[in-house]
Amino acid sequence: MLKITGIAASAGVAIAPAFKLEHPDYTVKQQHAKDSAAELQRFEEALAASVQELEAIKERTQQELGAKKAEIFESHLLILSDPELLTPVRDKIANELVTAEFALDETAKQFISMFENMKSAYLRERAADMRDVTKRVLTHLLGVKYVNPAEISTEVIVVAEDLTPSDTAQLNRQFVKGFTTNIGGRTSHSAIMARSLEIPAVVGTKDVLSQIESGDLLIVDGLDGEVIINPAPELVAEYEAKRDRHLRQIEEWKKLRDLPTVSRDGVHVELAANIGTPNDVAGVLENGGEGVGLYRTEFLYMGRTELPSEDVQFQAYKTVLEKMEGKPVVVRTLDIGGDKELPYLDLPKEMNPFLGFRAVRLCLDRQDIFRTQLRALLRASVYGNLRIMFPMIATLDEFRQAKALLEEEKAKLVGEGTAVSDSIQLGIMVEIPSTAVLADQFAQEVDFFSIGTNDLIQYTMAADRMNERVSYLYQPYNPAILRLVKMVIDAAHKEGRWVGMCGEMAGDATAIPLLLGLGLDEFSMSATSILPARSQISKLSKAEMEKLAAEALQKRTAQEVVELVQAIKQ
Ligand code: PEP
Ligand code: MG
């Protein structure tokens with residue numbers, strides 16, 4: 001038995017065999033071949049095996065997710081039968097005495113760079129398809145192993161170096177009981193998604209991958225951040241009991257589902273949920289969410305090979321608004337970049353992606369993408385209580401430009417005779433320190449703020465939220481962060497605006513007493529955190545928490561703040 005500690009990223013206890021998900025190395029090392037006939041034979045066999053795999057995946061996708069989702073595999077199959085690709089590969093093998101993998105890799109690279117330089121967006125997106133298909137065939141030629149997370153079909157705990165948000169989105173809850181990764185923090189997007197999928201997870205373990213073999217029995221304790229490898233039966237029984245206690249506690253909390261969130265001294269605050277897809281709305285309602293405080297629309301853009309059309313987006317936004325039945329829904333415009341990539345946009349690799357060309361910066365540049373989203377949102381606005389929010393606003397100019405584009409699209413739609421709501425609130429995320437510091441100026445121009453502490457903390461402390469080596473600096477309770485939060489709340493209230501928080505700090509049991517005391521109006525969190533937060537707030541007095549927050553602001557270290565909060569009776 002071995003115990004590894006990491007960061008508790010998603011609550012719950014999972015017990016199941018390990019499944020290692022590793023992204024193989026596709027570098028082609030051998031260039032020269034001795035026997036071109038044998039190489040040709042290898043190529044044809046790899047091709048046939050890939051076609052067979054794709055047929056099977058297409059079939060399954062069609063049955064489980066419908067014909068539309070299966071189209072991508074159809075286009076992959078077409079590439080694998082296209083003589084424009086296959087003939088040059090075969091010729092190269094036959095005439096140049098090179099290995100099949102080298103011939104394929106070289107030829108595919110030429111096509112990929114050709115597609116990437118095309119004017120048409122459609123053709124540019126074919127580069128991503130070509131890359132995917134080449135990897136599939138190379139998997140066979142290089143003898144490496146790769147399993148798409150969507151293809152897991154037995155009960156397992158996934159173990160990986162890291163999971164991208166789109167890997168996580170593909171995990172099937174029925175089979176994936178938990179996951180653990182070497183890297184990542186509580187606010188990396190795979191951790192956030194694990195919470196919305198309600199999959200227990202421990203991330204940032206540094207070296208869990210090298211300690212585990214596929215098939216090892218694992219316990220992932222997402223409550224205390226521990227992974228236990230090959231536990232003795234008595235320990236398994238102990239953790240089964242812990243799992244059941246947690247599940248019983250959840251049942252207890254469920255009794256608060258239809259009640260408002262009121263402090264012990266009668267002050268109401270709003271508890272909303274963060275969602276990534278329309279499917280998450282069911283979880284919001286089950287957990288008594290009073291609204292959606294953050295809809296991360298970028299997930300609509302992931303897991304596909306091209307940008308979602310205006311209609312695809314319209315349907316998604318309309319669905320969320322309708323299902324929320326008039327409760328407020330804050331939709332955040334596209335926040336791609338950082339740890340959320342869109343391969344089909346083929347954006348250049350950056351030295352510091354979290355400080356780079358992301359979110360509203362990209363949208364103001366790629367106005368085609370932004371305007372499509374704004375139109376879809378405006379069209380959907382008549383189906384519920386829509387609020388729009390721009391991410392990563394660093395300057396007032398950015399906000400004004402984004403707002404002007406929204407108004408242009410609105411005028412166009414109205415001119416075309418399309419109904420648009422005239423009571424859409426327009427807000428920004430405060431996640432860049434410059435915006436927090438200038439909140440008094442912003443408050444005169446926006447309808448609301450939502451504090452994005454996941455990024456605000458990383459930018460204030462200069463500590464990458466994904467990097468477990470500097471996670472000690474990622475300090476939500478540092479008085480510096482609390483002072484920034486106070487500045488934002490006070491500035492907004494002075495102008496009669498409301499302030500929410502949609503970073504993970506809003507659902508954190510240690511932060512909640514402080515945020516209540518600082519006067520936060522709306523707390524937006526993973527749906528599963530709502531009922532525990534409601535229960536906690538009902539036991540706190542707002543007046544007392546105001547005093548607590550005032551004291552916390554005068555503390556010197558995060559640790560002193562934690563001790564102060566822990567000393568109160570809850
Ligand atoms: C944040 O930064 O706090 C936030 C909610 O946005 P994201 O986690 O998607 O960057
Ligand atoms: Mg953010």
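**Figure 1. Burial of Glu 431 and Asp 455 at the magnesium ion (ligand 2) in a predicted model.** Both Glu 431 and Asp 455 are buried, where buried denotes under 20% relative accessible area, exposed over 50%, and partly exposed the range in between (1.4 Å probe, protein chains only). Donors are N, O and S atoms within 2.8 Å of the metal (3.2 Å for Na, K and Ca); water is not among the atoms, so sites may look incomplete. The pair links distant parts of the chain, 24 residues apart: Glu 431 belongs to the loop between β13 (425-430) and α16 (433-437), and Asp 455 to helix α18 (residues 453-461). Helices (H or I, at least four residues) and strands (E, at least two) are DSSP runs, numbered from the N terminus.

Residues are numbered from 1 along each chain as its sequence is written, while chains are lettered from A and ligands numbered from 1 in the order in which they are written. In this predicted model local features need pLDDT of at least 70 and side-chain atom pairs count only at pLDDT 80 or more, whereas totals for chains, interfaces and linings use all residues; side-chain values use heavy atoms, with hydrogens and water left out.

**Figure 2. Surroundings of ligand 1.** Ligand 1 is surrounded by 16 residues, the closest being His 189, Arg 296, Gly 452, Asn 454 and Arg 465; a residue is near a molecule or strand if one of its heavy atoms lies within 4 Å of it. A polar side-chain atom of Arg 296 is placed 2.8 Å from an oxygen atom of the ligand. For Glu 431, a side-chain N or O atom is 2.9 Å from an oxygen atom of ligand 1, and for Asp 455 a polar side-chain atom is 3.0 Å from an oxygen atom of ligand 1. The protein buries 100% of the 290 Å² that ligand 1 exposes when taken alone. Accessible areas come from the Shrake-Rupley method with a 1.4 Å probe; for residues, only the protein chains shown count as cover.

**Figure 3. Helix α7 (residues 189-197) and Ile 192.** Helix α7 is largely enclosed by the rest of the structure, because eight of its nine residues are buried. The buried set comprises His 189, Ser 190, Ala 191, Ile 192, Met 193, Ala 194, Arg 195 and Leu 197. Just after α7, Glu 198 adopts a positive phi of about 60°. Within the helix, Ile 192 has a relative accessible area of 7%. Apart from neighbours within four places in sequence, Ile 192 is in contact (heavy atoms within 4.5 Å) with Arg 186, Thr 187, Arg 296, Asn 454, Arg 465 and Glu 504. The C-alpha atoms of Ile 192 and Glu 504 are separated by 8.2 Å, although the two residues are 312 residues apart along the chain.

**Figure 4. Helix α15 (residues 396-415) and its cover.** This helix has 20 residues and reaches 28 Å from its first C-alpha to its last, close to the 28 Å expected at 1.5 Å a residue; the expected span is 1.5 Å times one less than the number of residues. Its buried residues are Leu 396, Glu 398, Phe 399, Ala 402, Leu 405, Leu 406, Glu 409 and Leu 413. The elements covering them include α13 (359-365), α14 (367-380), β12 (385-390), β13 and α17 (439-442). Just after α15, Gly 417 has a positive phi of about 85°.

**Figure 5. Positive phi at Ala 359 and Met 392.** Ala 359, in helix α13, has phi near 50°, a positive value in a residue other than glycine. Met 392, in the loop between β12 and α15, has phi near 60°, likewise positive in a non-glycine residue. Relative accessibility is 0% for Ala 359, and the relative accessible area of Met 392 is 0%.

**Figure 6. Thr 261 and Thr 164 in loops.** Thr 261 lies in the loop between α9 (233-253) and β9 (270-275) and, at 0% relative accessibility, counts as buried. Its side chain forms a polar contact of 2.7 Å with that of Glu 290. A polar contact is a pair of N or O atoms within 3.5 Å; within protein, one must be able to donate a hydrogen and the other to accept it, and residues adjacent in sequence count only if both atoms are side-chain atoms. Beyond neighbours within four places in sequence, the residues in contact with Thr 261 include Val 267, Leu 271, Arg 534 and Ile 537. Thr 164, in the loop between β4 (156-160) and α6 (165-170), is partly exposed, with a relative accessible area of 35%.
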